[in-house]
Amino acid sequence: FTAFARLAALSALLFQSAKCLLAVLARTDTHSRRRRPGNQRANPGCSHDARVAAKMSSTTESTLRYGRQGGSRRVVFGHGVGGLDLYANTFIRDMVERWSKDPRLSHIEFVVPIAPTRSVGLTGGAEVPAWFDCEKEESAKSVWNVDGWKVNREHLEDSMRAYVDYATRDGGALETTVFAGFSNGGAQAIFTGLQTPCAGILVLSSVLVDDNMSIDETPKPVLLCVGDTDPYVSVAAATATQKAIAESAKVEVELKVYNKMEHAACDEAIAACADWLAKVLKE
């Protein structure tokens, strides 16, 4: 009888221990599942607007700045289709950094923002950073639009507001800002600069892509730089842009054509832009 009682007591103890162990394991598994990212519930307070705002904040943080922070003068430079790391845009960082180290331009803050990512017809619909959607279309050709650029008007207007914001935030002013850019970003600079009282417009391998705008009457210089072997922007189109701007805006428009320069910027053009900035944005 005594042996039987001891065996029963031992069995009860083992059973109780097993229950405790199973309870601990169950709690551990529940805690692990709650913390596993794949099993987390979406935050009901994270609205679509909040996600968009977060995306815009991320883009803002990726804006590159060169030269004197909060300088008395500012240049907002827009890249071409593809952002700073694709296609013909790869020279932009080095070019702007070179300008920022020029003693004549030491008072200038250079702002190089990143455009929103969107589908672009010119790239076959690939989604890349671009200020506006664009592609060439024969039916779009006109006296001023020699190359036949078809663009998204809504994108142009949205990006104009963005350019103005980059010019005026942190104490900046339109009157002391040059809107500049390459290719897609240069066309955006023309569209924005002609409608605002900015200090000037400087573009590389760019032309006028939309002539339906409210022209600002503030006198301002415009510099157009294009290569004679550019496969995207012809000299004829640049000449037509020069004429259209001069006639509609009554501003001084200078066109520089560079021998054997393709859709890019040669050293001669980069130096000429620095000389122009030194005159236009005097401290």
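**Contacts, rings and burial in a predicted model**

Guide: A polar atom of the Asp-230 side chain lies 3.1 Å from the backbone nitrogen of Val-233. This is a predicted model, in which local features need pLDDT of at least 70, side-chain atom pairs count only at pLDDT 80 or more, and totals for chains, interfaces and linings use all residues. Residues are numbered from 1 along each chain as its sequence is written, and side-chain values use heavy atoms, without hydrogens and water.

Visitor: What makes the approach of Asp-230 to the backbone nitrogen of Val-233 a polar contact?

Guide: A polar contact is a pair of N or O atoms within 3.5 Å; within protein, one must be able to donate a hydrogen and the other to accept it, and residues adjacent in sequence count only if both atoms are side-chain atoms. The distance here is 3.1 Å, so the pair meets the distance cut-off.

Visitor: Why is the pair of Trp-131 and Tyr-163 called edge-to-face?

Guide: Rings of Phe, Tyr and Trp (its six-membered ring) pair if their centres lie within 6.5 Å; planes under 30 degrees apart count as stacked, over 60 as edge-to-face and the rest as tilted. The centres of these two rings are 5.1 Å apart and their planes stand at 90 degrees, so the pair is edge-to-face. Trp-131 lies in the loop between strands S5 and S6, and Tyr-163 in helix H4, 32 residues apart.

Visitor: What makes Ser-205 count as buried or exposed?

Guide: Buried means under 20% relative accessible area, exposed over 50%, and partly exposed in between (1.4 Å probe, protein chains only). Ser-205 has 1% relative accessibility and therefore counts as buried. By contrast, Asp-170 reaches 62% and is exposed.

Visitor: What is the phi of Ser-205?

Guide: Phi of Ser-205 is near 50 degrees, a positive value in a residue other than glycine. Asp-170 likewise has a positive phi, of about 55 degrees. Most residues other than glycine have a negative phi.

Notes. Helices (H or I, at least four residues) and strands (E, at least two) are DSSP runs, numbered from the N terminus.
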